[in-house]
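Student: I am new to this structure. Could we go through its aromatic rings and one of its strands?

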Amino acid sequence: MFRNVLFKLSLVSAFLLSAAASPLLFPVREQIQLSNRRNSSTTTPISQKLFDEFEELSRIVDIAYCVGSLNTGVEQPFQCLSYCKDFPTFELKQTWNTGIALQDSCGYVALSHAPAVPRIIVAFRGTYSIANAIADLSLTKQEYVPYPSRGRQEKCEGCSVHSGFYESWTQSEAIIGDIVDELVRENPDYKLILVGHSLGGAVAALAGLDFKGRGYEPTVTTFGEPKVGNSALAGFFNRKFTANTYRRVTHIHDPVPLVPLTQWNYSQHAYEYYISASQLPYTREDIHLCEGNEDINCIAGDSPNALQLFWAHRDYFHRLGLCLPEDSFLRKIRLWDSVAEGEL
């Protein structure tokens, strides 16, 4: 057990050191040209309605960062230091924190009542501790077996899944699975909404597949989601969802959607919505739907940079991961332009 922890720590260290030593896979000039080409793309931007939905969901997932042993928490009816006041019709049903094990997972379940859109919200917190970072970059995979769909076991031929992410969802499901089942039964007119950031995006992805297997129709939105499994699993995702029911939001220079690496037999799935603007605030013209699993004009054409874990990976419509009031200085500070464009 201890040897396994040291091995995974060495993987994290190796990745971060290599990325820091060589922050750009492209020369600076090429990187800037690539960024400019994306920003001037003629691809049709998303609708204002979808933009507003993404912005709202970014605040909803940021609230999940208030859950955990080092934070102030989320309390009933729906109170916290973050954006809870923006959602007066929310009713907190459950928070969970699986602890400080290698695959720790945190989040909350809430009901969104009228006059807001009636929803069952399940929000998965992102990377917040070294335990999360280890889970993020562990290379171990295992066979993926879909949830028994309508009483029969569905096959996912050749599918393998990141074992750390799968364990995170398994631990979370043991706490919230029955609660979500009950809320779906009691509120048949409420939409099931799953949202996650970073590690929480990977867990939300697996939760989405599980709830699809139960016969539900979840809508999944993730921000900065890493690769969850191999190409066969990516194809399974693509068959289960559409661009309307799964929205994988990425941000220029964010390294997390690029890991684990393709060389390690990991692949992204489709339905990527790419933010081409380096810094906040964004407009709908900065975001468009990408083509296929790994569109070279989107995050797949970017280069990993470890320092962007603190910036590009956090800036999804708002500065995520803080559990602080909206007017906090830490939410307002911006990265200078040269670093945002990769000139380190």
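Student: Which residues do ring pairs link into a cluster?

Tutor: This is a predicted model, where local features need pLDDT of at least 70, side-chain atom pairs count only at pLDDT 80 or more, and totals for chains, interfaces and linings use all residues. Residues are numbered from 1 along each chain as its sequence is written, and side-chain values use heavy atoms, without hydrogens and water. Rings of Phe, Tyr and Trp (its six-membered ring) pair if their centres lie within 6.5 Å; planes under 30 degrees apart are stacked, over 60 edge-to-face, the rest tilted. The cluster linked by such pairs consists of Phe51, Phe54, Phe223, Tyr273, Tyr282, Tyr316 and Phe317.

Student: Over which ring does the charged end of Lys141 sit?

Tutor: A charge sits over a ring if NZ of Lys or CZ of Arg is within 6 Å of the ring centre and within 35 degrees of the ring normal. The charged end of Lys141 is 4.5 Å from the centre of its ring, that of Tyr266.

Student: Are the residues on the two faces of strand β9 buried or exposed?

Tutor: Strands (E, at least two residues) and helices (H or I, at least four) are DSSP runs numbered from the N terminus; β9 covers residues 272–275. Buried means under 20% relative accessible area, exposed over 50%, partly exposed in between (1.4 Å probe, protein chains only). Glu272 and Tyr274 on one side, and Tyr273 and Ile275 on the other, are all buried.

Student: Which residue of β9 is the bridge partner of Thr250?

Tutor: Two strands pair if DSSP finds at least two bridges between them. Strand β8 (residues 246–251) runs parallel to β9, with four bridges. In β9, the partner of Thr250 is Tyr274.
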